[in-house]
Amino acid sequence: MQTVIVANGTLEHGPAVDKALRLAIKGTFTIAVDGGGNHTRQLGIVPSLVIGDLDSIAPDVLTAYES
């Protein structure tokens with residue numbers, strides 16, 4: 001099983017990142033870590049799991065994922 005982990009920070013596109021994002025979009029098990037949830041939301045990816053202390057995820061994104 002392939003897993004994509006999206007963390008907080010600057011999302012810089014390149015071959016490896018673009019491949020991981022294509023996998024995440026196709027439904028691969030995707031984990032959003034803290035502010036990585038902001039990236040997944042912005043990219044239209046619904047993560048399989050959101051983890052961390054959630055101090056850097058936007059409140060509206062967290063609310064969307066909670067529902």
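Helices here are DSSP runs of H or I of at least four residues, numbered from the N terminus. By that numbering, His39 lies in helix 2. The model is a predicted one. Its chain contains three helices and three strands, and from the N terminus the elements follow the order β-α-β-α-β-α.

**Overall form**
- The radius of gyration of the chain is 11 Å, close to the 11 Å that the globule rule gives for 67 residues, so the chain is as compact as a globular protein of that length.
- The C-alpha trace spans about 30 × 25 × 20 Å along its principal axes.
- Of the 67 residues in the chain, 28% are buried.
- The chain exposes about 4300 Å², and carbon and sulfur atoms supply 55% of that area.
- Taking the contacts between residues at least 6 apart in sequence, 42% join residues at least 24 apart.

**Helix 2 against helix 3**
- Two packed helices are described by the angle between their axes and the distance between the axes.
- Helix 2 covers residues 36-43 and helix 3 covers residues 59-66; their axes come within 10 Å and cross at roughly 75°.
- Angles of 65 to 115 degrees count as roughly perpendicular, so helix 2 is roughly perpendicular to helix 3.
- On the helix 2 side, the residues that meet helix 3 are Gly37, Asn38, Thr40 and Arg41. Their partners in helix 3 are Val61, Ala64 and Tyr65.
- By class, the residues of this contact divide into three nonpolar, three polar and one charged.

**His39**
- His39, a residue of helix 2, has a relative accessibility of 11% and therefore counts as buried, the cut-off being under 20%.
- Setting aside neighbours within four places in sequence, His39 is in contact with Val6, Ala7, Asn8, Gly9 and Leu11.

**Leu21**
- Leu21 belongs to helix 1, which comprises residues 15-25.
- With a relative accessible area of 9%, Leu21 is buried.
- When residues up to four places away in sequence are not counted, Leu21 touches His13, Leu43 and Ile45.
- Leu43 is also within the residue range of helix 2.
- Between Leu21 and Thr40 the C-alpha to C-alpha distance is 9.0 Å, with the two residues 19 apart in sequence.

Technical notes:
Residues are numbered from 1 along each chain as its sequence is written. This is a predicted model: local features need pLDDT of at least 70, side-chain atom pairs count only at pLDDT 80 or more; totals for chains, interfaces and linings use all residues. Side-chain values use heavy atoms; hydrogens and water are left out. Axes are lines fitted to C-alpha atoms, for helices over the stretch in contact, and angles run from 0 to 180 degrees between N-to-C directions. Helices (H or I, at least four residues) and strands (E, at least two) are DSSP runs, numbered from the N terminus. Angles under 35 degrees count as roughly parallel, over 145 as roughly antiparallel, 65 to 115 as roughly perpendicular and the rest as oblique. Contact means heavy atoms within 4.5 Å. Ala, Val, Leu, Ile, Met, Phe, Trp, Tyr, Cys and Pro count as nonpolar, Asp, Glu, Lys and Arg as charged, and the others, Gly among them, as polar. The radius of gyration is taken over C-alpha atoms; the globule rule is 2.2 Å times the number of residues to the power 0.38. Buried means under 20% relative accessible area, exposed over 50%, partly exposed in between (1.4 Å probe, protein chains only). Accessible areas come from the Shrake-Rupley method with a 1.4 Å probe; for residues, only the protein chains shown count as cover.
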